[in-house]
Amino acid sequence: MSNNLMNSIWYGERPLYSIPGVKEKILKADNEKDILFHLIDLFKLGDFTQKPLLFQLVNRTKDKSVLNLCIRIFCSVCTHDDLLDPTNLRFLEGANDDVIRTFGSAAVTSLSAEIVPYLLVLLEEWDEIDEISIILRDAIDIYTNFEEELGEDASLEDIGRYYLEYRDECDTRMYYYHRNLVFPGDLAKELIERDFIATDTNQALELELIPSLLSIWSGEKAPGDYYTILNENNYKSFITYVENLSKKEWKSGMKYFYGYECELNY
């Protein structure tokens, strides 16, 4: 089985079933993969009451592909309080390099500074492995921007101190992206700016995180990904996409999953 279930910039279309219908499917599911898929469908409908079942699954499964997807969806829907409970992240204890790569890459989608301590602990263990060290440091940098002040080769101790200073400055109930309160409109602006530049030169979009975040937050898939070549035939699709996003009501500093606030219903 592939280790990349639902390996896309989002988690697919919303289900056609109602919340009770999806919950019934969870009860009837007889394998971990189906349980996980139905859980994700439930989250897409704005019901996060079954997150404890996700936490159980991510910490118990022995299936690599299920674990990979569990970690990614965990980061997409977790709240600050979820991260403050270390029992929810027992899967990191003694984890192998594949798990650490997945967690380090997905951690930025949590948008919560409460995930940084876990990244720092992992960095202490894995800093000598260049590939993993880069992933972990990049994730920490998205929250703290430490590289701008300390340099990319900063010591673990300096990064840790810098993080504590940053955390003291931010509102711990809000969600952040590059030290700013996260807001879809800000990322949409960056997407359009890159759209115009890439179109002028027939380049690829070359944005990885922004299309994915917007797709996951809104439940509307972005019309392209990192490798999409922009030209006069498709650049307007991004403009239309952003215009549609602007019609939705967003709160600055709030985390969303498929149009629903992650702090609700849990």
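This is a predicted model: local features need pLDDT of at least 70, side-chain atom pairs count only at pLDDT 80 or more; totals for chains, interfaces and linings use all residues.

Biologist: Which residues touch the most other members of the largest nonpolar core?

Modeller: The largest nonpolar core holds 93 residues. Helix α4 (residues 64–77) supplies the largest share of this core, nine residues. The residues that touch the most other members are Phe103 and Phe257.

Biologist: Against which elements do the buried residues of α3 pack?

Modeller: Helix α3 spans residues 51–60. Its buried residues are Lys51, Leu54, Phe55, Leu57, Val58 and Asn59. They pack against α2 (32–44), α4 and α5 (80–84).

Biologist: What covers the buried residues of α7?

Modeller: In α7, the buried residues are Val116, Tyr118, Leu119, Leu120, Leu122, Leu123 and Trp126. The cover over these buried residues includes α5, α6, α8 and α10.

Biologist: Is Glu114 buried or exposed?

Modeller: Glu114 is found in the loop between α6 (97–106) and α7 (116–126). The cut-off for a buried residue is under 20% relative accessible area. Because the relative accessibility of Glu114 is 8%, this residue counts as buried.

Biologist: Which side chain is joined to that of Glu114 by a polar contact of 2.6 Å?

Modeller: Leaving aside neighbours within four places in sequence, Glu114 is in contact with His80, Leu83, Leu84, Tyr163, Arg167 and Thr172. The polar contact of 2.6 Å joins the side chain of Glu114 to that of Arg167.

Biologist: What is the volume of the largest cavity?

Modeller: A search of the whole structure finds one cavity of 30 Å³ or more. The lining of the largest cavity consists of His80, Ser112, Ala113, Glu114, Cys170, Asp171, Thr172, Met174 and Tyr176. By class, this lining has four nonpolar, three polar and two charged residues. The volume of the largest cavity is about 40 Å³.

Biologist: Which element gives the largest share of the lining of the largest pocket?

Modeller: The largest pocket contains about 1,000 Å³ of space. Two or more lining residues come from each of α4, α6, α8 (130–144) and α12 (209–218). The largest share, five residues, comes from α8.

Biologist: Which lining residues lie nearest the centre of the largest pocket?

Modeller: The lining of the largest pocket has 34 residues. By class, they divide into 15 nonpolar, twelve polar and seven charged residues. Those lying nearest the centre are Ser105, Val108, Glu208, Leu209 and Ser212.

Biologist: Is Leu111 buried or exposed?

Modeller: Most residues other than glycine have a negative phi. Leu111, in the loop between α6 and α7, has a positive phi near 60°. With a relative accessible area of 0%, Leu111 is therefore buried.

Biologist: What is the phi of Glu206?

Modeller: Glu206 lies in the loop between α11 (184–201) and α12. Glu206 has a relative accessible area of 43% and is therefore partly exposed. Although Glu206 is not a glycine, its phi is positive, at about 55°.

Biologist: With which residues is Asn202 in contact, leaving aside its neighbours within four places in sequence?

Modeller: Asn202 lies in the loop between α11 and α12. Its C-alpha atom is 42 Å from that of Leu264, and the two residues are 62 residues apart in sequence. Leaving aside neighbours within four places in sequence, the contacts of Asn202 are Ile229, Leu230 and Asn231.

Biologist: What distance separates the C-alpha atoms of Leu156 and Ala106?

Modeller: Leu156 is found in helix α10 (residues 156–169), and its relative accessible area of 18% means that Leu156 is buried. Leaving aside neighbours within four places in sequence, Leu156 is in contact with Leu120, Leu123 and Glu124. Leu156 and Ala106 are 50 residues apart along the chain, and their C-alpha atoms are separated by 21 Å.

Notes
Residues are numbered from 1 along each chain as its sequence is written. Side-chain values use heavy atoms; hydrogens and water are left out. A nonpolar core is a set of buried Ala, Val, Leu, Ile, Met, Phe, Trp, Tyr and Cys residues joined through side-chain atoms within 4.5 Å. Buried means under 20% relative accessible area, exposed over 50%, partly exposed in between (1.4 Å probe, protein chains only). Helices (H or I, at least four residues) and strands (E, at least two) are DSSP runs, numbered from the N terminus. Contact means heavy atoms within 4.5 Å. A polar contact is a pair of N or O atoms within 3.5 Å; within protein, one must be able to donate a hydrogen and the other to accept it, and residues adjacent in sequence count only if both atoms are side-chain atoms. On a 1 Å grid over the protein atoms alone, a cavity is a set of points where a 1.4 Å probe fits but cannot get out, and a pocket is an open set with protein on both sides within 12 Å along at least five of seven lines; lining residues have an atom within 4 Å of a point. Grid points are joined across faces, edges and corners, and a volume is the space filled by probe spheres set on the points. Ala, Val, Leu, Ile, Met, Phe, Trp, Tyr, Cys and Pro count as nonpolar, Asp, Glu, Lys and Arg as charged, and the others, Gly among them, as polar.
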